[in-house]
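Look at the model first, then read the points below.

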Amino acid sequence: MHNDLNPLLEVQGLKTYFYTDDGVVKAVDGVDFHVNAREVLGLVGESGCGKSVTALSIMRLVDSPGKTVAGKILYEGRDLLSLDKSEMITIRGNRISMIFQQPQTSLNPVFTVGDQIVEVFQIHSQLSKKETWEKAVDLLQLVGIPDPERKAHAYPHEMSGGQAQRVMIAMALALKPQLLIADEPTTALDVTIQAQILNLLRDLRNHIESSIILITHDLGVIAEMADRVAIMYAGRIVEQTDVRTLFAQPLHPYTLGLIASVPVLGNVKEELATIPGNVPNLIDLPPGCRFASRCKAREKYGLSICTACEPDLLSVAEGHTVRCWLYQDGEGHKAPLSK
């Protein structure tokens, strides 16, 4: 049984770089976070901040020219980066599963969805074809697909986007993984289906007691689903805390900008805030804080250290870490807002 005092998954100093003709893209550049048993950790940030690459690194599915060059990914204390291919295949699907962003591209067009779920069981268990087919139908029912016996014989192109996403979830859940990584699981779906998929994930967490890493750029989804949140920007985690604190007392200027740009129902008059500027080029990162060029707080407090040195991810309160010079002292720098 897993000890709640030890995280189920612990990522330490993870760096995954892509070696391209233009230079080295530092997609994930020193990331640290952990996931406890039976919790939902939200991993949030704009496109290109490294969220998906972090997930693929955990699954060891980063393809060339990408390479994980440093760090540890400890799952129940074992470093996944040190396992050989066959050990990793056993863990992938069996203990850790991933739901990808685009279900239509992840499903094989020439096999029925029932056969594709059956295949998961065949790789990882000794059950007969009949037993695995029954399990596949049960899973389709579990994820809310109507008439699952008939739908198990359908091909991916015969399903709607929402149904294909449910099939992906059924495949990911086939072996009752302890950790489920859901990468933008609702991005391509309309709002009603989105709500159904999130409810489904919530039910499943309670039903099979999995932990979930929920990757999204949508803070509304985070508010509904996550227990704790890690905010990611340009390959680094910039803030991490529990979901209540994140919305009640966000600290990092980037987090504040993200929250300010969320539309509020009934609030029609006010223009939505936007964060000026662009994410820095991951091939040619600026010295100092990666958010500095877009940061209003830096200008407000007249901080010069931000463009010279990068701050560390430091604890400012119980369970709340932030990477920002507003809250930490540096050489010749006194934090204006130390907690």
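**Aromatic pairs and a buried glutamine**

Searching the whole structure turns up three aromatic pairs. Rings of Phe, Tyr and Trp (its six-membered ring) pair if their centres lie within 6.5 Å; planes under 30 degrees apart are stacked, over 60 edge-to-face, and the rest tilted. This is a predicted model: local features need pLDDT of at least 70, side-chain atom pairs count only at pLDDT 80 or more, and totals for chains, interfaces and linings use all residues. Residues are numbered from 1 along each chain as its sequence is written, and side-chain values use heavy atoms, leaving out hydrogens and water.

**The aromatic cluster**

- Tyr-233 and Tyr-254 make a tilted pair, 4.7 Å centre to centre, with 55 degrees between the planes.
- Tyr-233 sits in strand 9 (residues 228-233) and Tyr-254 in helix 11 (residues 253-260), so this pair ties together parts 21 residues apart in sequence.
- Helices (H or I, at least four residues) and strands (E, at least two) are DSSP runs, numbered from the N terminus.
- Tyr-233 also pairs with Phe-291, edge-to-face, at 5.2 Å centre to centre and 85 degrees between the planes.
- Tyr-233, Tyr-254 and Phe-291 form one aromatic cluster.
- Tyr-233 and Phe-291 are both buried (under 20% relative accessible area, with exposed over 50% and partly exposed in between; 1.4 Å probe, protein chains only).

**Gln-165**

- Gln-165 belongs to helix 7 (residues 161-173).
- Gln-165 counts as buried because its relative accessibility is 2%.
- A polar atom of the Gln-165 side chain lies 2.7 Å from the backbone oxygen of Pro-185.

Note on methods: A polar contact is a pair of N or O atoms within 3.5 Å; within protein, one must be able to donate a hydrogen and the other to accept it, and residues adjacent in sequence count only if both atoms are side-chain atoms.
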